[in-house]
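Here is a briefing on side-chain pairings and local backbone features. Please keep the model open while reading.

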Amino acid sequence: MKRKSILFLLSIAVSLVFFSCQKNEEYVAVPYACDCGEYSWRGSSYKLLDANYILVHPDSSLSRRYYITADVKADTDPQPHGVNLIIEIENVEESIFDITETLNEFSAIAQEVNQNDFLIPLREYVAVSGRIQVIPAFFGGTETVRFSIVLRESIEGDLVGPEFSFTGEFTVNVTP
């Protein structure tokens with residue numbers, strides 16, 4: 001009796017393995033695209049993969065920290081290559097914000113993540129001048145942000161290398 005039970009269970013296991021295995025085509029990942037804007041990085045335009053915001057100060061519904069990202073991977077890059085931008089504004093009520101030699105109405109940091117660069121896979125750039133225009137969604141809805149900033153690379157707090165422009169536009173959905 002034991003032998004029949006074991007053979008029966010073995011035959012069920014073999015049947016499950018045989019009939020449940022199926023060969024599918026190889027999975028090809030499709031990158032997420034938010035259809036929420038684009039930016040121009042070092043002379044080329046890229047569609048954003050994501051754009052989000054959080055409140056910088058939880059007690060102020062008009063404070064913003066925007067985060068956008070796009071894939072800037074060249075066809076010749078074997079691994080991913082992306083650029084993220086973080087913009088922080090204390091209060092979006094004024095709508096236009098500048099950074100000049102004497103004025104800092106916002107802060108912006110760009111991070112270039114490039115696993116193809118074995119020496120420096122993460123580069124950070126800070127805004128040294130520029131302008132941000134926000135069309136705020138005071139009561140919720142779509143908020144539009146345009147930016148035109150000049151960046152310089154920052155290594156351990158020291159600015160190095162030449163300046164270059166970084167421009168773009170994106171939208172985020174603000175919840176009241």
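Is Asp35 buried, partly exposed or exposed? At 76% relative accessibility, Asp35 counts as exposed. Buried means under 20% relative accessible area, exposed means over 50%, and partly exposed lies in between (1.4 Å probe, protein chains only).

This is a predicted model, in which local features need pLDDT of at least 70, side-chain atom pairs count only at pLDDT 80 or more, and totals for chains, interfaces and linings use all residues. Residues are numbered from 1 along each chain as its sequence is written, and side-chain values use heavy atoms, with hydrogens and water left out.

**Backbone and disulfide**

- Asp35 sits in the loop between α1 (2-20) and β1. Helices (H or I, at least four residues) and strands (E, at least two) are DSSP runs, numbered from the N terminus.
- The phi of Asp35 is positive, about 55°, although Asp35 is not a glycine.
- Arg42 also has a positive phi, near 50°, and is a residue other than glycine. Its place is the loop between β1 and β2 (44-54).
- The disulfide count comes to 1, with a disulfide taken as a pair of cysteine sulfur atoms within 2.5 Å.
- Cys34 and Cys36 form this bond, with an S to S distance of 1.8 Å. Both cysteines are buried.
- The torsion about the S-S bond of Cys34 and Cys36 is about -55°, so the disulfide is left-handed.

**Aromatic rings**

- The structure has 9 aromatic pairs. Rings of Phe, Tyr and Trp (its six-membered ring) pair if their centres lie within 6.5 Å; planes under 30 degrees apart count as stacked, over 60 as edge-to-face and the rest as tilted.
- Trp41 belongs to strand β1 (residues 37-41) and Tyr125 to strand β7 (residues 122-135), so the pair ties together parts that are 84 residues apart in sequence. Both Trp41 and Tyr125 are buried.
- Another pair is Phe147 with Phe170: centres 6.3 Å apart and planes at 55° make this pair tilted.
- Phe147 in strand β8 (residues 141-155) and Phe170 in strand β9 (residues 158-174) are 23 residues apart, and their pair links distant parts of the chain. Phe147 and Phe170 are buried.
- One aromatic cluster is formed by Tyr39, Trp41, Tyr46, Tyr66, Tyr125, Phe147, Phe164, Phe166 and Phe170.
- Arg42 lies over the face of Phe164, 3.8 Å from the ring centre. A charge sits over a ring if NZ of Lys or CZ of Arg is within 6 Å of the ring centre and within 35 degrees of the ring normal.

**Salt bridges**

- The count is 7 salt bridges. The rule asks for a side-chain nitrogen of Lys or Arg within 4 Å of a carboxyl oxygen of Asp or Glu.
- Glu143 and Arg64 meet in a salt bridge, at 2.9 Å from N to O. Glu143 lies in strand β8 and Arg64 in strand β3 (residues 64-71), so the pair ties together parts that are 79 residues apart in sequence.
- Glu143 is buried, with a relative accessible area of 0%. Arg64 is buried too, at 1%.
- Arg65 bridges to Glu88, with the closest N and O atoms 2.8 Å apart. Arg65 is in strand β3 and Glu88 in strand β4 (residues 81-89), 23 residues apart, so this pair links distant parts of the chain.
- Arg65 is partly exposed at 31% relative accessibility, and Glu88 is partly exposed at 23%.
- Arg123 and Asp117 form a salt bridge at 3.4 Å, N to O. Arg123 counts as partly exposed, at 24% relative accessibility.
- Asp117, Arg123 and Glu153 are linked in a network of salt bridges.

**Asn114**

- Asn114 is in strand β6 (residues 107-114). At 14% relative accessibility, Asn114 counts as buried.
- A polar atom of the Asn114 side chain lies 2.9 Å from the backbone nitrogen of Asn116.
- Not counting residues up to four places away in sequence, Asn114 touches Pro80, His81 and Pro121. Contact means heavy atoms within 4.5 Å.

Technical notes. Polar contact = N/O pair within 3.5 Å; in protein donor to acceptor, adjacent residues only side chain to side chain.
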